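Grab a pencil and work through a couple of exercises on a structure. Try each task yourself before reading its solution.

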Amino acid sequence: MLSLSRLPRLLRRCAAALCCGVLGWTVTLAWSQAPAPKAPAAVSHLRVVGGLAELNQYVRREEPFWTRELARLSGGRYTAEIVPFDRAGVPGTEMLRLLQLGVVPFGTALMSSFSAQHPEYTAPDLAGLNPDIATLRTTLAAFRPYLEKALRDQHGVEPLAIYVYPAQVIFCGKPLRSLADLAGRRVRVSSSTQADFVSALGAEPMLTGFAQIVPNVTAGSIECAVTGTMSGNTLGLHNLMSHVHALPVTWGLAVFGANRTVWAALPPDLRELLKRELPKLEADIWAESERETADGMACNRGAPECQAGRKGRMVVVPVSAQDEQRRKEILTSTVLPRWLQRCGARCAQVWNSTIGPARGIPAPKSP
């Protein structure tokens, strides 16, 4: 038995919070070499940590699946409850570790949160790599077998689905005709790969939390912001800013998985149901994200087809031939080499055996 006192302080705090009722769970932590616990006599209720609260991926897809559809599909044999990870007291950067330990039995981890400890897992969504969702599908398909094997073998996590968020684009408060006009501007980013991209354009990246975008825009400390097409609308950027560039800088991938010991202990019919239904949930989320990307842009510019957002009067800057060429140049000359510098030689091998051949983009010789 692994005593909580032997966990790192951050994990100890998370485990204690969870055990004391943040999620209402009773958890058992064990070293990987300890005997696997026996399956419970009757598993009928699951507890799940989902994606980001209030976004459509969670509200329209994840929450209904776990709180209603699971019971319907199983004829009432199985039920579940779900809480978004940003309201569960679970640090996003520790989700993979908490899944590995079994503190969180079923959980969703943003792949961008792996940057510090496992940068190789961020490969499919490097800034500038996927200019549309069809390309993102191709990229992920090439990388997915490696990712799933690594999660099982290295982390003891059973991967069950990979979700996507809508396109992350650039909102600006001053006129914008092309990516080149970003030079000299302070741009909000949420990851190191986004920072690499905007800095290559001559802009100053400002790492800023989502909730701090509006205060920073209002205070004038940031002039532009990379965020989702619809989430930017939800924040009110369609009223605070005048232009939005159509190029997806990144998207936002998330892995949904289970602790493998917990997964193995589930009743076989429940495992089969989840293996059958979770790919359908994944497909629904991808379709939702594609629709929301387009709807967000429609709402920001005030188009009649706007459905879920609030209509603005923003100028949508189309992706010109020059912008597309610049995206490719920045990806190969800056984003990919800097990612490899952070990631190491092994990541070049991973890239050249997965995404590189599928996309025709070999890793540079000397990152």
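Predicted model: local features only at pLDDT ≥ 70, side-chain atom pairs only at ≥ 80, totals over all residues.

**Exercise 1.** Work out where helix H4 bends and how its span compares with that of a straight helix.

*Solution.* Start with the ends: H4 covers residues 133-155, and its end C-alpha atoms are only 28 Å apart. A straight helix of its 23 residues would reach 33 Å at 1.5 Å a residue, so H4 falls short. Next, look along the axis: H4 bends by about 45° at Phe143, with Pro145 following within four residues. Phe143 is also one of the buried residues of H4, as are Leu140 and Tyr146. The cover over the buried residues includes helix H10 (268-301) and strand S4 (157-164). Finally, check both ends. Asp132 caps the N-terminal end, with a side-chain oxygen 3.3 Å from the backbone nitrogen of Ala134. Just after H4, Gly156 takes a positive phi of about 65°.

**Exercise 2.** Find which side chains meet Glu223 in a salt bridge, and decide whether Glu223 is buried or exposed.

*Solution.* First partner: Lys174, at 3.7 Å, N to O. Here Glu223 sits in the loop between helix H6 and strand S8, and Lys174 in the loop between strands S5 and S6, 49 residues apart. Now the accessibility: Glu223 has a relative accessible area of 18%, so it counts as buried, under the 20% cut-off. Lys174 is partly exposed at 48%, and Arg186 is partly exposed at 28%.

Notes: Residues numbered from 1 in each chain as written. Heavy atoms only, no water. Helix = DSSP H or I, 4+ residues; strand = E, 2+ residues; numbered from the N terminus. Bend = angle between axes of the 7 residues up to and from the residue. Buried < 20%, exposed > 50% of the residue type's maximum accessible area, 1.4 Å probe, protein only. Contact = heavy atoms within 4.5 Å. Polar contact = N/O pair within 3.5 Å; in protein donor to acceptor, adjacent residues only side chain to side chain. Salt bridge = Lys/Arg side-chain N within 4 Å of Asp/Glu carboxyl O.
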